[in-house]
Amino acid sequence: MQEMERARNCGLFVLAALTALLVTAVKAQTLDLRKLYPKMAPLGLYLMNRDTEIALARSAAPAAISRDASILVLTRHGWDTAVNGTNGFVCMVERGWAVSIDFAEMWNPKMRGADCLNAAAARTIVPVVRKLTAMVLAGDSDDQRAAGIRAAFAKGEIPQLDAGAMGYMMSKGSYLSDEDGHNGPHLMMFVPENSGAAWGAGAANSPVVASVSYWFPNDDGNPLNKTLPPIRVFAVVVANWSDGSEAH
């Protein structure tokens with residue numbers, strides 16, 4: 001039971017770090033982290049050695065999946081396809097701005113979220129990350145980025161979410177937050193609905209954690225969220241890293 005509880009707590013931390021959907025109880029900590037990272041650092045601090053980034057991206061999922069996946073790497077000009085895969089999966093290392101617009105650590109240059117998205121998720125999630133990155137590189141403000149994503153959905157530039165969309169985030173090498181723990185293996189499911197109760201998310205002893213609409217302010221009642229297709233994110237904590245070793 002102790003191990004189960006620790007895993008669940010880890011999962012709660014991980015989802016908060018990845019989606020910036022921080023609960024009210026940690027608002028003070030969020031404020032402190034935002035003060036640490038009030039603006040974007042020099043772009044070079046967010047970039048990685050190309051081969052290192054490819055390896056980290058692949059480590060998001062078990063090798064049986066990621067070895068045949070497409071790999072994206074971040075450059076000074078946006079995302080580049082480093083490897084053309086054959087199985088429909090897309091693996092990448094997300095930076096802090098790929099998370100919610102109000103993520104307290106959006107500009108934390110240590111953020112490295114290795115993610116391997118299946119084809120259903122990649123069709124919607126990757127275009128969002130690409131557009132957010134383009135706007136970041138152009139120097140757009142939070143409001144401009146939020147408006148840009150809303151407009152892209154409204155115009156059909158970003159496709160509606162497909163059924164079965166999910167991603168692996170099981171990399172031992174990811175860094176998701178300055179909060180205690182930094183990382184934890186889990187799966188993420190993207191669902192076009194607004195109720196976490198359908199999955200039993202947040203129930204006592206449930207390993208499932210749910211967020212509100214992805215990329216936007218972490219408040220179900222925020223009017224910004226009503227202008228988007230509902231995309232709720234469910235995270236399920238898993239016991240092992242992608243290499244099969246046990247997570248502690």
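Cysteine 91 and cysteine 116 are both buried in this predicted model. A disulfide joins cysteine 91 to cysteine 116, with an S to S distance of 2.0 Å. Cysteine 91 belongs to strand S3 (residues 90-94), and cysteine 116 belongs to strand S4 (residues 113-117), so the bond ties together parts that lie 25 residues apart in sequence. The count for the model comes to one disulfide.

Helix H5 spans residues 119-137 and contains isoleucine 125. The relative accessible area of isoleucine 125 is 1%. Isoleucine 125 counts as buried because this value is under 20%. In sequence, isoleucine 125 and isoleucine 158 are separated by 33 residues. In space, their C-alpha atoms are 8.6 Å apart.

Packed helices come next. Two such helices are described by the angle between their axes and the distance between the axes. The axes of H5 and helix H6 (residues 142-155) come within 10 Å. They cross at roughly 145°. The crossing of H5 past H6 is right-handed. On the H5 side, the contact is made by Thr124, Val128, Lys131, Leu132, Met135 and Val136. H6 contributes Gln144, Arg145, Gly148, Ile149, Ala152 and Phe153. By class, seven residues in the contact of H5 with H6 are nonpolar, three are polar and two are charged.

Key. Residues numbered from 1 in each chain as written. Predicted model: local features only at pLDDT ≥ 70, side-chain atom pairs only at ≥ 80, totals over all residues. Heavy atoms only, no water. Disulfide = S-S within 2.5 Å. Helix = DSSP H or I, 4+ residues; strand = E, 2+ residues; numbered from the N terminus. Buried < 20%, exposed > 50% of the residue type's maximum accessible area, 1.4 Å probe, protein only. Axes fitted to C-alpha atoms, helices over the stretch in contact; angles between N-to-C directions. Left-handed = near helix turned anticlockwise from the far one by under 90°. Contact = heavy atoms within 4.5 Å. Nonpolar A, V, L, I, M, F, W, Y, C, P; charged D, E, K, R; others polar.
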